[in-house]
Amino acid sequence: YGLKVDVWAAGVITYILLRGFPPFVSPSNNQEELFDKILSGHFEFISPFWDEVSSSAKDLIEHMLQVDPEMRFSAAEVLDHPWVANDTTAKDNKLHVAKELNQYFTRTKKPKDGLAVIASTALDKGSKYFRGRGAFTVHPKQDEVF
């Protein structure tokens, strides 16, 4: 366990915050199939859901969800990425995901605590968007994802 795991988790959370569903799913709700997808790192930016999301946001997520930790972005690289560092990122669905990532990676002494705040806050505010989307359902009382 290390900071690279937190970067992976932040990548998954960023994906979910931008589109309301996770990057790794099993249409048949098969746990083994889901684990295989996660371990392979195979995910897609499904059209039309991702059509209006900037290429910069997609690039960041791709670098955060690299299976090989050596290839995965570090927290510093996430913070230096144009999508996080540039204030114009709010155009991506008017979400302030990049701003939140920046705040919590830089202000918290333990990055995982910041990610837990982002996840629980996002799930509290956005649970209505997750409800009923295939195999992934969020229940408001179950916001402790870490």
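The following is a working chat about the predicted model shown above.

Q: Which elements does the protein have, helices or strands, and how many?
A: There are seven helices and zero strands. Read from the N terminus, the order is α-α-α-α-α-α-α. Bear in mind that this is a predicted model.

Q: What percentage of the residues count as buried?
A: Of the 146 residues, 38% are buried.

Q: And the accessible surface, what does that come to?
A: About 8800 Å². Carbon and sulfur atoms hold 53% of that area.

Q: What share of the contacts is between residues 24 or more positions apart?
A: Among contacts with a separation of 6 or more, such pairs make up 57%.

Q: Let's go inside. How many residues are in the largest nonpolar core?
A: It has 22 residues. Those with the most contacts inside the core are L18, W50, L60, I61, L65 and V78.

Q: Which helices supply at least two residues of this core?
A: Four do that: α1 (3-19), α3 (55-64), α4 (75-80) and α5 (82-85). The largest share is that of α1, with seven residues. As background, nonpolar side chains in soluble globular proteins tend to be buried together.

Q: I61 is on that list. What does I61 touch?
A: Leaving out residues up to four places away in sequence, I61 touches G11, T14, Y15, L18, F43, F45 and W50.

Q: Which residues of α3 are buried?
A: A57, L60, I61 and M64. Looking down the axis of α3, these buried residues fall within an arc of 95°, so they line one face of the helix. In general, an α-helix has 3.6 residues a turn, so residues three or four places apart point the same way.

Q: What do the buried residues of α3 pack against?
A: They pack against α1, α4 and α5.

Q: Take α1 and α3. At what angle do the axes cross?
A: At roughly 145°, and the two axes come within 8 Å.

Q: Is the crossing left-handed or right-handed?
A: The crossing of α1 and α3 is left-handed. On the α1 side, the contact is made by V7, W8, A10, G11, T14, Y15 and L18. On the α3 side, A57, I61 and M64 take part.

Q: Changing topic, backbone geometry. Which residues does a cis peptide bond join?
A: S47 and P48, with omega at about 5°. P48 sits in the loop between α2 and α3.

Q: Which residue has a positive phi although it is not a glycine?
A: N29, with phi at about 60°. That residue lies in the loop between α1 and α2. For context, most residues other than glycine have a negative phi, and most peptide bonds are trans.

Q: Is N29 buried or exposed?
A: N29 counts as exposed because its relative accessibility is 57%, and the cut-off for exposed is over 50%.

Q: What about D36, where is that found?
A: In helix α2, which covers residues 31-40. D36 has 51% relative accessibility, so D36 also counts as exposed. D36 and S26 are 10 residues apart in sequence, and their C-alpha atoms are 9.6 Å apart in space.

Q: Last one, V5. Where is V5 found?
A: V5 is in helix α1. Its relative accessible area is 38%, so V5 is partly exposed.

Note on methods:
Residues are numbered from 1 along each chain as its sequence is written. This is a predicted model: local features need pLDDT of at least 70, side-chain atom pairs count only at pLDDT 80 or more; totals for chains, interfaces and linings use all residues. Side-chain values use heavy atoms; hydrogens and water are left out. Buried means under 20% relative accessible area, exposed over 50%, partly exposed in between (1.4 Å probe, protein chains only). Contact means heavy atoms within 4.5 Å. Accessible areas come from the Shrake-Rupley method with a 1.4 Å probe; for residues, only the protein chains shown count as cover. A nonpolar core is a set of buried Ala, Val, Leu, Ile, Met, Phe, Trp, Tyr and Cys residues joined through side-chain atoms within 4.5 Å. The arc is that of the directions from the helix axis to the C-beta atoms. Axes are lines fitted to C-alpha atoms, for helices over the stretch in contact, and angles run from 0 to 180 degrees between N-to-C directions. A crossing is left-handed if the near helix is turned anticlockwise from the far one by less than a right angle, and right-handed if clockwise.
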